[in-house]
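Welcome! Take a moment to look over the sequence and the model, and then let us walk through a few side-chain features together.

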Amino acid sequence: MTANDSAPAPICKHGLIGDLRTCALVTTKGAIDYWCWPELDSPSLFTALLDDERSGIFTLSPEGEGWRTVQFYLPDSNILQTRWLAQNAVIELNDFMPITADNQTPPCIVRRVKVVQGEATLTMLCRLKFDYARVEPDLHVMENTALWQAEGQQSVTLNASVALRGEANAVQSRFTLQCGEEAFFIIGGETATGQGQQDVERMQHETLAFWQQWVGKNKYRGRWREMVIRSSLVLKLLSSKRHGSVAAAATFSLPELIGGERNWDYRAGWIRDASFSCYAFIRLGYIEEAKAFGHWVRTCMENSQFEPHKLQVMYRLDSGTDLQEYELPHLQGHLGSTPVRIGNGAWQQRQLDIYGELLDTLYLTTKYGDGIPHRGWQHVIRLVDHVCDIWNSPDAGIWEMRGEPEHFLYSRLMCWVALDRALRLGARRSLSMPYDRWERVRQAIREDIWENFWNAQLGHFTSTRHGTDLDGSMLLMPLFRFVSAKDPDWLATLDAIKNKLVRGGMVRRYIASETPADSLHGEEGYFVACSFWYVECLARADRLEEARIEFEKVLIHANHLGLYAEEFDPLGNALGNFPQALSHLALISAAYYLDKKMAGDELTWQP
């Protein structure tokens, strides 16, 4: 097998680079097989991860056999190094995206390859296609520069320190480097041209300094610092410097089941993730990021005209409201998983939990940041009054079921959180509010959960009203302080989840075949975030030894760089979009809480 294998790389065999505008995936063999440009939610230039025959890709690797490949990030950074080792040679490839202050300058990727021992002949191939591989561009190749152009598309250039040649609608190069010699490639907008070796060295130095200075502000000093640092760097990569939003994941349409139809676009911001994101940033000491995210949430509300019934479960990264879902039938999907989808139809669903997550976000951002303005509080009153009107209604639930709406426990729980946080916020800031009504509804929701979602015969809570089934989202009941983490009824539920949904530290969201609201075919994998929520529930229940062991079980299923997708398959391999923000948010929360408990630190009340 040669160093450059054309077979699609598994989801887990990737690293992530980015510049706070967009991200790219780099395989362990040095291929960039996924890049949307110039923004994270823009159409793609490289999508070989979803179709290695029809899509763009940028490969760079040594010729010959016998190479061993390893990959890691430069310390406390998002600069990715891929190394090839042979008996008589060592090669280092640094991939990164420079951080620029100018939002008008298109992002670029810098690829810097150096032979540090022996000599090596390397080959490069760059095949680029616009608009999700729907537009074949015109290619113009000069000695060291290539230009891709197409009508209605922003031009892309490739600048190199070695000679380029155009062949079969792609740019190729073959070159030999002696020990100590290096070459570079810069791909992006027109500003990618005219750069020399000193410019590349400066860009890498500045990029490394940016990330290391940002990591230096991280306040976490616990046992799992390396994993928490990497998770925080993932969250930062998924953040928009311009808009303050955090994308749910860097990718679209990676399958939750290989060969299945559960393929969604996660390049958007979910209101659901808002409180988790703000809490993670605040815990780690990144108050400005939390404020920026809170500002994005408020902009989303403005774009929905502050009408509670118009509030969406997700918004575009620029806080836009339209996320129309489309299929791309010309792409064969990752390992044949179709359909390939862009956009996400769940934006039009009714999901009652978002009101609780939104109020929890406002509570956190006002608790640790600025106060809420008078007009903003008036909008909150309208929103909470709306929750009072509609809390006892069926919906699509947290997992965005595409079957018939149901009465889900998690949706009830988060309606309770909406009332609870609004009451706390109003009292904390001495704000006027319809206290009697809100308190009456808060108690009514609590009573409804205990009466209609508790199955006395089975002896545990259930995920649907008068139901029998379990759901991983129930693990958030003590995390949102609805029930004591040591309440006997909750502990019975926790053990029921353990027996039904947990396998080797991995936790399913639910059993698809036993969930009528899930109308799609096939089972899904084990959900990463649920696995970390389970660990935190054990820690809160003072089952520390069990929590620590379960935590380590989940940690070993990270990929070689400490990154997580959305789900695991039964063997612990990555499934779904990658890397997933919610997975890393849950890791941070579990690591933070478990470390505090193991240290014997007193933990104050936290929402």
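What follows is a short tour of cysteines, aromatic rings and charges over rings in this predicted model.

**Cysteines**
- A disulfide is a covalent bond between the sulfur atoms of two cysteines.
- This structure holds zero disulfides.
- Cys 36 is in no disulfide, and the nearest cysteine sulfur, in Cys 23, lies 9.8 Å away.
- Cys 36 is also buried, at a relative accessible area of 0%.
- For Cys 108, the closest cysteine sulfur is that of Cys 126, and at 13 Å it is too far for a bond.
- Cys 108 counts as buried too, with 13% relative accessibility.

**Aromatic rings**
- You can find 23 aromatic pairs in the structure.
- One of them joins Phe 46 and Phe 58 edge-to-face, with 6.3 Å from centre to centre and 70 degrees between the planes.
- Because Phe 46 lies in strand 4 (residues 44-46) and Phe 58 in strand 5 (residues 57-62), this pair ties together parts that are twelve residues apart in sequence.
- Phe 46 is buried, at 0% relative accessibility, and Phe 58 is buried with a relative accessible area of 0%.
- Phe 58 also pairs with Phe 185: the ring centres are 6.3 Å apart and the planes stand at 85 degrees, so this pair is edge-to-face.
- That pair links distant parts of the chain, since Phe 58 is in strand 5 and Phe 185 in strand 16 (residues 182-188), 127 residues apart.
- Phe 46, Phe 58 and Phe 185 belong to one aromatic cluster with Trp 35, Trp 37 and Phe 175.

**Charges over rings**
- The charged end of Arg 230 sits over the ring of Tyr 73, 3.9 Å from the ring centre.
- Over the ring of Tyr 526 sits the charged end of Arg 508, 4.3 Å from the ring centre.

Notes
Residues are numbered from 1 along each chain as its sequence is written. This is a predicted model: local features need pLDDT of at least 70, side-chain atom pairs count only at pLDDT 80 or more; totals for chains, interfaces and linings use all residues. Side-chain values use heavy atoms; hydrogens and water are left out. A disulfide is a pair of cysteine sulfur atoms within 2.5 Å. Buried means under 20% relative accessible area, exposed over 50%, partly exposed in between (1.4 Å probe, protein chains only). Rings of Phe, Tyr and Trp (its six-membered ring) pair if their centres lie within 6.5 Å; planes under 30 degrees apart count as stacked, over 60 as edge-to-face and the rest as tilted. Helices (H or I, at least four residues) and strands (E, at least two) are DSSP runs, numbered from the N terminus. A charge sits over a ring if NZ of Lys or CZ of Arg is within 6 Å of the ring centre and within 35 degrees of the ring normal.
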